[in-house]
Amino acid sequence: MNDMTVQYSGKVLAFTPEDPREAQIPSDELHEHLQDPSTARTSRLKSRCRWKHASGGEFVEKGVQAGIERMRLITEAHKASVGKPEVIRRALMLSNFLTNTTLVVQEDEFIVGYHAEDPNMFPLYPELSYMAVLDYLKTDYAPQPAAEAADIVAYWKPHSLQAKCERYFDPVDLRRGYQVSTMEGPAFASGYNSIVPPYETVLEDGLLARIKLAESHIQEARAEMGAFPWNADAGLKWLDKVDNWEAMVIACKAVVAWARRHARLCKIVAERFESDPKRQAELLEIADICQRIPAEPCIGLKDAVQAKWFTFLLAHALERYASGYAQKEDSLLWPYYQASLAEGSQQPMTHQQVVELIEMERLKISEHGAGKSRAYREIFPGSNDLFIATLGGTNGDGSDACNDMTDAILEATKRIRTAEPSLVFRYSKKSRAKTLRWVFECIRDGLGYPSIKHDEIGTQQMLEYAKYSKTGNGATPEEAHYWVNVLCMSPGLAGRRKTQKTRSEGGSSIFPAKLLEISLNNGYDWSYADMQMGPETGYATDFKTFDELWEAFRKQYQYTIALAIRCKDVSRSQEIKYLQMPFVSALDDGCMELGIDANELSEQPNGWHNPITTIVAGNSLVAIKKLVFDEKKYTMTQLVDALKVNWEGHEEMRQDFKNAPKWGNDDPEADDLIVRFYEEIIGGEMSKNTNYSGGPVLPVGQAVGLYMEVGSRTGPTPDGRLGGEAADDGGISPYMGTDKKGPTAVLRSVAKVQKNQKANLLNQRLSVPIMRSKHGFDIWHAYMDTWHDLNIDHVQFNVVSTEEMKAAQREPEKHHDLIVRVSGYSARFVDIPTYGQNTIIARQEQDFSAADLEFLNVDL
Amino acid sequence: MSTPQTSSATPSTTPSTTAAAVAAMHMHLDPGTARPCSACKWQVPDPTDPASGQCTVNRHPGGGIWKRWIRDLGNTTCGRHDVGKLSFRDHV
């Protein structure tokens with residue numbers, strides 16, 4: 001029970017739990033009582049789920065290990081295909097793997113398929129980053145046998161994407177990028193990637209149709225090349241296309257055969273090893289599905305989910321590694337939901353069976369380990385990887401896109417209670433109330449998702465970027481409505497064509513807090529790397545005006561952002577030559593029509609880059625301007641000297657800087673400068689860069705767990721922060737604990753930043769008693785409508801008490817179901833290091849005062 | 001940040017006042033050292049390059065962990081070298 005009340009609109013509002021049974025649950029273990037799997041089977045599957053959470057660079061669970069099969073089989077094929085066109089070699093590598101890999105079918109599961117030879121393993125990618133794989137060889141979870149793994153890594157080093165790209169960079173620039181302190185390491189050095197696979201094509205067409213299409217294109221090409229008269233300019237263009245189409249055929253045939261291997265395995269198990277008649281029948285049903293899917297179009301929802309799962313494994317783990325789970329899941333599955341629930345369906349299901357199926361899908365993701373580099377094992381603490389699916393929004397004709405499939409996904413999410421996959425909900429004033437209620441219940445149960453994106457902002461962005469299309473075939477107004485989050489934050493098209501295929505198009509990060517630090521010191525990093533990290537822009541102790549510091553920062557930012565985007569485009573150029581994706585290309589209608597590989601074809605630009613730790617920099621600039629240049633209370637020399645000793649002996653000064661105006665309180669003394677910082681420098685300078693696709697690169701303010709890593713590599717800063725403390729936890733989020741004027745003051749601050757932005761992550765922590773009371777939905781709904789009207793891009797919520805988090809720190813073994821929103825993703829709290837846990841505890845828990853409720857115009 | 005759960009990882013300190021002793025406490029190159037960073041419990045690998053590392057010994061009572069980059073894992077040492085292995089909970 002709680003005694004919280006607010007006087008509002010002539011009434012005294014009490015916030016007792018909406019469900020009176022909750023009054024009996026101790027408040028420090030609420031999350032342990034919220035799961036409610038829909039069936040005994042999903043309850044069993046959750047109990048035995050083989051999580052693969054990484055944290056502090058290591059794996060939390062014992063027994064998680066890197067597999068060797070993928071490395072071995074792609075190497076075999078690569079050696080055997082010397083002399084063939086590179087795209088054909090890539091197809092043969094995939095084919096050899098799919099033909100010979102160990103299959104995994106687990107007891108009790110309905111959706112089959114795994115990406116490594118053992119459900120405790122994950123594959124590695126020596127063709128991407130040699131450094132990332134070398135790191136694995138030194139760990140307790142190295143692939144075995146060790147000697148073979150070492151030989152494979154040594155073989156791939158000269159052929160790797162990293163080696164191909166490194167030669168185009170000055171070693172000094174490379175070293176700076178590899179630090180992960182002013183910028184995220186180049187993706188060619190980590191292997192990190194993201195993609196929006198054209199799932200729709202697989203479900204709608206089936207792969208046999210794609211094979212036939214590619215074969216017909218090859219025939220047409222040969223006919224064209226054989227015609228009289230020969231014209232070299234036109235004729236020679238067919239060569240690469242023929243190679244690409246042939247590679248598509250090889251890849252798709254291999255995928256069909258691989259799926260049918262699963263069918264045979266399930267049939268064998270059913271007929272020879274399974275004694276339970278119910279499970280026998282189920283295995284035979286799975287066998288039938290895998291025999292037809294993804295070869296043929298899907299006839300119902302079970303087909304669709306299986307086809308989608310196979311496609312996910314291929315696009316995210318087998319053909320190439322990619323983080324993410326990008327799809328408009330409700331829209332994608334809606335035709336098959338309808339087909340399965342219709343009278344006389346060929347694959348009949350009830351709505352509750354759909355909920356169970358989605359719970360099982362969520363648990364498959366929860367077991368999906370990623371062979372990521374060490375950097376990425378550090379920066380998503382408490383999770384396997386980033387998996388984000390998108391729901392809601394509006395259709396091409398502007399109507400509400402929410403449907404019963406949306407609700408089934410949300411219900412399954414609330415019931416099974418896992419950290420992954422995360423969900424994004426595209427919020428529109430047209431979203432139906434029934435679905436909004438599900439969204440709210442997931443949020444108030446503390447899952448940390450759905451995170452909310454502004455539907456109209458995302459749609460408008462797709463149209464804006466379409467203007468830069470190099471092929472003149474960017475998103476149409478109808479297509480612009482069909483967007484998803486590519487990873488945590490940035491919208492990108494989904495569908496059969498024009499989707500983002502590589503992180504080189506948009507992604508990766510830059511760190512303003514560290515850039516501010518080196519801007520004070522002539523571009524030198526004294527606090528972490530002890531080396532020159534940027535151009536020599538002068539020592540702040542010599543600056544006579546604030547503008548000199550502002551310009552020094554601008555120069556550091558310009559250098560670093562140009563380097564970061566150059567890294568992406570150089571990588572793209574080498575991915576086009578050596579990392580083709582014939583399977584994914586076969587699914588994209590544009591790649592199929594034009595005979596161009598998915599890395600190369602760009603019809604819809606989507607360039608972005610993530611500034612992370614912007615608010616530490618912004619708050620620091622505000623404090624410096626006020627205390628050094630405006631009020632002259634301290635000299636810059638005094639400030640720099642205090643920073644160099646981590647404020648030791650200067651506590652009064654530190655408190656002055658700590659108490660300077662802070663972002664997130666609707667305070668013009670902070671907000672005016674910080675808005676200018678976002679719009680003029682963070683976005684304004686970034687947008688001057690043009691990427692491979694011909695469009696501007698725009699900022700997507702983010703954090704994931706990088707605010708912890710970069711914080712630990714950044715010394716003390718003029719916002720009053722101590723050296724090594726975490727930075728701000730989200731692209732536009734107030735620094736932990738400094739947003740003291742209530743949740744609507746935060747909205748008013750954030751709404752001021754509008755120009756030159758693609759997206760900005762806003763973390764907010766809401767009061768558990770308020771959200772779980774009978775007034776919770778109305779307050780949240782009014783908050784969301786206000787957020788929408790203020791044209792704010794994003795918001796995501798923690799609804800968790802400090803009491804419960806501290807209890808989990810004391811006894812982690814009793815709090816396995818406690819999930820928190822870190823930033824852009826959710827994690828199991830007890831699998832996050834103490835350092836990170838403390839940052840979430842430090843976040844301001846927002847109550848709603850009468851003034852807040854009035855601003856939101858809540859009708860209670 | 002609010003009052004944090006303190007880490008169980010607390011580095012030991014050896015008080016000394018001479019300049020040489022103070023210098024020895026800080027990270028420094030010492031070719032062939034018997035106490036290299038590569039064998040120290042406070043060292044974690046570099047996020048990108050496995051030939052380098054990060055020192056995590058600098059831990060503030062308030063909870064901050066101020067890392068330092070280690071260029072040469074095999075030939076760098078400091079006065080706070082210690083053996084053992086920390087849990088993931090004790091890292092960033």
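**Figure 1. Confidence along chain B of the predicted model.** pLDDT is the predictor's confidence in each residue, on a scale from 0 to 100. Helices (H or I, at least four residues) and strands (E, at least two) are DSSP runs, numbered from the N terminus. The average pLDDT of chain B is 84, and 82% of the residues score at least 70. Over residues 1–8 of chain B, pLDDT stays under 50. For that stretch the model has 22 contacts beyond four places in sequence; two residues are in contact if their C-beta atoms, placed from the backbone, lie within 7 Å. For the complex, the predictor gives an ipTM of 0.93 and a pTM of 0.97. Because this is a predicted model, local features need pLDDT of at least 70 and side-chain atom pairs count only at pLDDT 80 or more, while totals for chains, interfaces and linings use all residues. Residues are numbered from 1 along each chain as its sequence is written, and chains are lettered from A and ligands numbered from 1 in the order in which they are written.

**Figure 2. Elements and sheet of chain B.** Chain B has 1 helix and 5 strands, which run α-β-β-β-β-β from the N terminus on. Of the 92 residues in chain B, 38% are buried. A residue is buried if 20 or more other C-beta atoms lie within 10 Å of its own, exposed if 12 or fewer, and partly exposed in between, with C-beta atoms placed from the backbone. Among contacts in chain B between residues at least 6 apart in sequence, 62% join residues at least 24 apart. An open sheet of 3 strands has the order E2-E3-E4 (chain B), with antiparallel pairing. E2 and E4 of chain B stand at the edges with a single partner strand each, so one side of each has no neighbour in the sheet. The twist averages 35° from one strand to the next; axes are lines fitted to C-alpha atoms, for helices over the stretch in contact, and angles run from 0 to 180 degrees between N-to-C directions. Strand E3 (residues 53–55) of chain B pairs with E4(B) in the antiparallel sense over 3 bridges, and B:Gln54 stands opposite B:Trp69 in E4(B). Two strands pair if DSSP finds at least two bridges between them.

**Figure 3. The contact between chain A and chain B.** Chain A gives 41 residues to the contact and chain B gives 26 residues. On the side of chain A that touches chain B, the elements that give two or more residues are helices H4 (130–137), H8 (187–190), H16 (374–379), H28 (706–712) and H33 (834–841) of chain A. H33(A) gives the most, with 6 residues. The residues of this side of chain A divide into 16 nonpolar, 16 polar and 9 charged. Here Ala, Val, Leu, Ile, Met, Phe, Trp, Tyr, Cys and Pro count as nonpolar, Asp, Glu, Lys and Arg as charged, and the others, Gly among them, as polar.

**Figure 4. Helix H4 of chain A and its cover.** In H4(A), 6 of the 8 residues are buried: A:Tyr130, A:Met131, A:Ala132, A:Val133, A:Asp135 and A:Tyr136. What covers these buried residues includes helix H5 (146–156) and helix H6 (161–166) of chain A, together with strand E2 (43–45) of chain B.

**Figure 5. Strand E19 in the sheet of chain A.** An open sheet of 6 strands has the order E7-E8-E9-E19-E18-E22 (chain A), with mixed pairing. Its edge strands are E7 (388–392) and E22 (845–846) of chain A, each of which pairs on one side only. Strand E9 (residues 451–454) of chain A and strand E19 (residues 794–798) of chain A run antiparallel, joined by 2 bridges. The bridge partner of A:Lys453 is A:His794, and that of A:Ile452 is A:Val795. Strand E18 (residues 763–766) of chain A runs parallel to E19(A), with 3 bridges between them; A:Gln764 stands opposite A:Phe797. A:His794, A:Gln796 and A:Asn798 point one way from E19(A), A:Val795 and A:Phe797 the other way, and all are buried.

**Figure 6. Helix H18 of chain A.** The 12 residues of H18(A) (residues 433–444) should span 16 Å at 1.5 Å a residue, and the end C-alpha atoms are 16 Å apart, which agrees. The expected span is 1.5 Å times one less than the number of residues. Buried residues of H18(A) include A:Trp438, A:Phe440 and A:Ile443. Among the elements that cover the buried residues are helix H17 (404–416), helix H31 (776–789) and E19 of chain A. H18(A) is followed by A:Gly446, whose phi is positive, near 80°.
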